[in-house]
Amino acid sequence: MTGAPFSLYVHVPFCAHKCPYCDFNTYATPHVPEVEYVEALVAELRRYAQDPRFSGRSVSTVFFGGGTPSLLSASAIASIINSAHALFPLEAGAEVTLEANPGDSSREKLAQFRDAGINRLSYGVQSFEDTRLALLGRDHTAEQAKAAVAYAREAGISNISVDIIFGTPRQTLDDLAQDIRTAASLPISHLSTYSLTIEPGTPFFQRQERGLLAMPDDGVVAEMLQTVPVLAGAEGFVRYEISNYARDGRESSHNTVYWTGGDYLGIGAGAHSYVAQCRDGLVVAGERWSTVALPQSYMRNAGSQQVIAWSENVQEHSLWFEFFYLGLRRLSGVTASDFQRRFGRSLWDEYGQQLGELAAEGFVRVDGECVALTDRGIVVADSVFERFVR
């Protein structure tokens, strides 16, 4: 919102190789054009520093995602952070996250990332079973993943997140339980768990079409979704979002901006941005846009309007729905007062009928002015959200 801090997302689309399930905007390359790409990112930052939608505002969180941003050198990461800080001052204690590959996380490199300004790491571990890692196309072993967490702690980075994928080929509940218990045994503060989705255009999709992937059935995956919070909770993790768990209150500040409708600027090839438009303190519309996806096109056009691939104006009623359904992903849910404060509209007037039906069916609970998903609702969350689409 106007004048408030915003979040900065930096997309680094390069990978040593591309995993067979990945449909993100990523490119396998033996050589990362680090100098050229960092120059392009800084050029984008400078352009937005002159943009009235962002000029004069501070940055609350920074997230380096990809791809594999840890392929960049620490000096490159420092250059990006320092440029952002010079143009949009980072708030005191700002969360600065780097997605990292466990296979190339040495003590020395992690200490350099810490000195560059990284204070949170997100490891795409996915599993602690080597056969499953190979099936998923990961280029690290379970022991390397464990070592990477230890190295990060030794380097002085204590805010560490680990990703786990479930619903993978031939996976059982016992397999998943072992992954969760192993992750929880490590000195991490955050756990993200995702059900594998087979996306068109990926090698996994092609294998599935040919009958070469033995996927767990929907009932087993639903049971996995219900099992994860029980196992994580027993290890001291508090579920705060459908897919995310935190110890010691270390929820992801950056992702929370997405779930609560905050403004964010995305730079890098294929990055997305969003800014709310306000009138009299209320959100009345929004703007959303993305940069060109191909790295070469991005580097060639960064710093100019030609770097924008597409943009759209978001109407107010669409923002009501987005704020509501993204808020329902959080275990704390959405309050009617927050909805009223943001849009000047009554939550009950907009969604009262659907909420009454879903509450009667046991998929949502209404506690005073707060609306949240029940355990049953979480399992079929996408179907619940569809009930609010007009």
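## Exposure of Asp367

A residue counts as exposed when its relative accessible area is over 50% and as buried when that area is under 20%. In this predicted model, Asp367 has a relative accessible area of 58%, so it is exposed. Asp367 lies in strand 16, which covers residues 364-367.

Asp367 and Gly236 are 131 residues apart along the chain, and their C-alpha atoms are separated by 26 Å.

## Chain as a whole

The chain contains 15 helices and 17 strands. Its radius of gyration is 21 Å, close to the 21 Å that the globule rule gives for 390 residues, so the chain is as compact as a globular protein of that length. Along the principal axes, the C-alpha atoms fill a box of roughly 55 × 55 × 45 Å.

Of the 390 residues in the chain, 54% are buried. Among contacts with a separation of 6 or more, 69% come from residues 24 or more positions apart.

## Packing of helix 6 and helix 8

Two packed helices are described by the distance between their axes and the angle between them. Helix 6 (residues 173-185) and helix 8 (residues 218-234) have axes that come within 10 Å and cross at roughly 30°. Angles under 35 degrees count as roughly parallel, so helix 6 is roughly parallel to helix 8. The crossing of the two helices is right-handed.

On the helix 6 side, the contact is made by Leu173, Leu176, Ala177, Ile180 and Arg181. Helix 8 contributes Glu223, Met224, Thr227, Val228, Leu231 and Ala232. By residue class, this contact has eight nonpolar, one polar and two charged residues.

Terms used:
Residues are numbered from 1 along each chain as its sequence is written. This is a predicted model: local features need pLDDT of at least 70, side-chain atom pairs count only at pLDDT 80 or more; totals for chains, interfaces and linings use all residues. Side-chain values use heavy atoms; hydrogens and water are left out. Axes are lines fitted to C-alpha atoms, for helices over the stretch in contact, and angles run from 0 to 180 degrees between N-to-C directions. Helices (H or I, at least four residues) and strands (E, at least two) are DSSP runs, numbered from the N terminus. Angles under 35 degrees count as roughly parallel, over 145 as roughly antiparallel, 65 to 115 as roughly perpendicular and the rest as oblique. A crossing is left-handed if the near helix is turned anticlockwise from the far one by less than a right angle, and right-handed if clockwise. Contact means heavy atoms within 4.5 Å. Ala, Val, Leu, Ile, Met, Phe, Trp, Tyr, Cys and Pro count as nonpolar, Asp, Glu, Lys and Arg as charged, and the others, Gly among them, as polar. Buried means under 20% relative accessible area, exposed over 50%, partly exposed in between (1.4 Å probe, protein chains only). The radius of gyration is taken over C-alpha atoms; the globule rule is 2.2 Å times the number of residues to the power 0.38.
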